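Here's a quick briefing to read with the model open in your viewer.

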Amino acid sequence: MRIATWNVNSITARLPRLLAWLESSGTDVLCLQEAKIAEEQFPYEPLRELGYEAAVHATGRWNGVAVLSRVGIEDVVKGLPGDPGYDGVQEPRAISATCGPVRVWSVYVPNGREVGHPHYAYKIQWFEALKAAVAGDAGGSRPFAVLGDYNVAPTDDDVFDTAAFEGQTHVTPAERAALAELRSTGLTDVVPRPLKYDQPFTYWDYRQLGFPKNRGMRIDLVYGNEPFAKAVKDAYVDREERKGKGASDHAPVVVDLDA
C-alpha cells in the first residue's frame, strides 16, 4: 500500500500535475493540503475517473485539506475537535478518514507568521487540540498516521542553515516541544530517505533560487503509530515533482507499507 502527503499550494493551479502524478506514482491514499478551493468546486470528477474518492474539508481560497483514496473512504471526520480557531473562525485544517486497513489524518498546521504574533499562539494551541484528537488512535492496534504540512522542522538538521532561521517560526523550542508532545501519544516520525543531497527536505521557497540551491526545510511529516511504523517498507521525498514550471513549493512524501 502506498500512502503520500503533499501540500499542493492550490489544487486548481496544480491539477494537471496532480492527476499525472497520481497516475504515474501508483499512490493508493494521498493526504492533500492547501487546496485553496471551496468543497463544491473541488475536482471530484477527474479524480473519480482515475479511481479516487475524495473526502474534502475546504471553504475557499485559503487552507483546505483532503484525503484521496482508491481503496475506499469511511468514517470521515471534518475539522479538529477542540479546534481553538483563529480570530473567531475555525479554519479547514484537518480531516481524517479510514482508507482500507489504515486510518489517516491530513493536517495543515497553522504557519504562526512570527514569534509573538497571535497566530503563533494559535499554532501552539492548535497542536494541543491535535494531540487530544489523535491520542486514542495513536495508541491503538490499527495502523494510523497523521500526515501533512506541520510547518515545523523537527531538528536543526531539517533546515538548510540554522542561522537563516534564528528568531523565526518553524524552529522555535515551543514549536518543537509541541511536536514532541504529539509524538508522546505513541507516534513515530517516519523519516523519508533523500533522493538527492544528504537531507530529505520537503519544502523550498520560490524566492532566491531556493530549490536549485537546496535551501530547503523538512516540514511535511508522517507521524505513525507503532503498527504503522512497523509496516513501513520504504519512505522517500519525490523531489522530481518540485521541478519545472508550475510546481508546488512542496514535494510529495511517499510511504510504502506492507499492509
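Let's begin with the lining of the largest cavity: its residues split into seven nonpolar, two polar and two charged. Keep in mind that this is a predicted model.

**The cavity**
- Searching the whole structure turns up one cavity of 30 Å³ or more.
- The largest cavity has a volume of about 30 Å³.
- Its lining includes Pro 194, Leu 195, Pro 200, Phe 201 and Trp 204.
- Lys 196 and Arg 239 are also among the lining residues, as are Gln 199 and Asn 214.

**The largest pocket**
- Here you get about 900 Å³ of space.
- The pocket is lined by 33 residues, and the ones closest to its centre are Asn 111, His 170, Tyr 203, Asp 205 and Arg 207.
- Sorted by class, that lining has 10 nonpolar, 12 polar and 11 charged residues.

**Helix H4**
- H4 covers residues 173-183, and its buried residues are Glu 175, Arg 176, Ala 178, Leu 179 and Leu 182.

- Is Arg 176 buried or exposed? Its relative accessibility is 18%, so Arg 176 counts as buried, the cut-off being under 20%.
- You'll find Arg 176 in helix H4.
- Setting aside neighbours within four places in sequence, Arg 176 is in contact with Val 152, Ala 153, Pro 154, Thr 155, Asp 156 and Val 171.

**Glu 53, up close**
- Glu 53 belongs to strand S3, which runs over residues 53-57.
- With 43% relative accessibility, Glu 53 counts as partly exposed.
- Which residues does Glu 53 contact, leaving aside its neighbours within four places in sequence? They are Val 67, Leu 68, Ser 69, Gly 72 and Ile 73.
- Glu 53 and Leu 68 are 15 residues apart along the chain, and 5.7 Å separates their C-alpha atoms.

**What the record says**
- UniProt, in an unreviewed entry, lists residues 4-250 as "domain: Endonuclease/exonuclease/phosphatase".
- In the model, the end C-alpha atoms of residues 4-250 lie 13 Å apart.
- That span is 24% helix and 24% strand.

How values were computed
Residues are numbered from 1 along each chain as its sequence is written. This is a predicted model: local features need pLDDT of at least 70, side-chain atom pairs count only at pLDDT 80 or more; totals for chains, interfaces and linings use all residues. Side-chain values use heavy atoms; hydrogens and water are left out. On a 1 Å grid over the protein atoms alone, a cavity is a set of points where a 1.4 Å probe fits but cannot get out, and a pocket is an open set with protein on both sides within 12 Å along at least five of seven lines; lining residues have an atom within 4 Å of a point. Grid points are joined across faces, edges and corners, and a volume is the space filled by probe spheres set on the points. Ala, Val, Leu, Ile, Met, Phe, Trp, Tyr, Cys and Pro count as nonpolar, Asp, Glu, Lys and Arg as charged, and the others, Gly among them, as polar. Buried means under 20% relative accessible area, exposed over 50%, partly exposed in between (1.4 Å probe, protein chains only). Helices (H or I, at least four residues) and strands (E, at least two) are DSSP runs, numbered from the N terminus. UniProt positions are given in the numbering used here, feature names are shortened, and annotations may be inferred rather than shown by experiment. Contact means heavy atoms within 4.5 Å.
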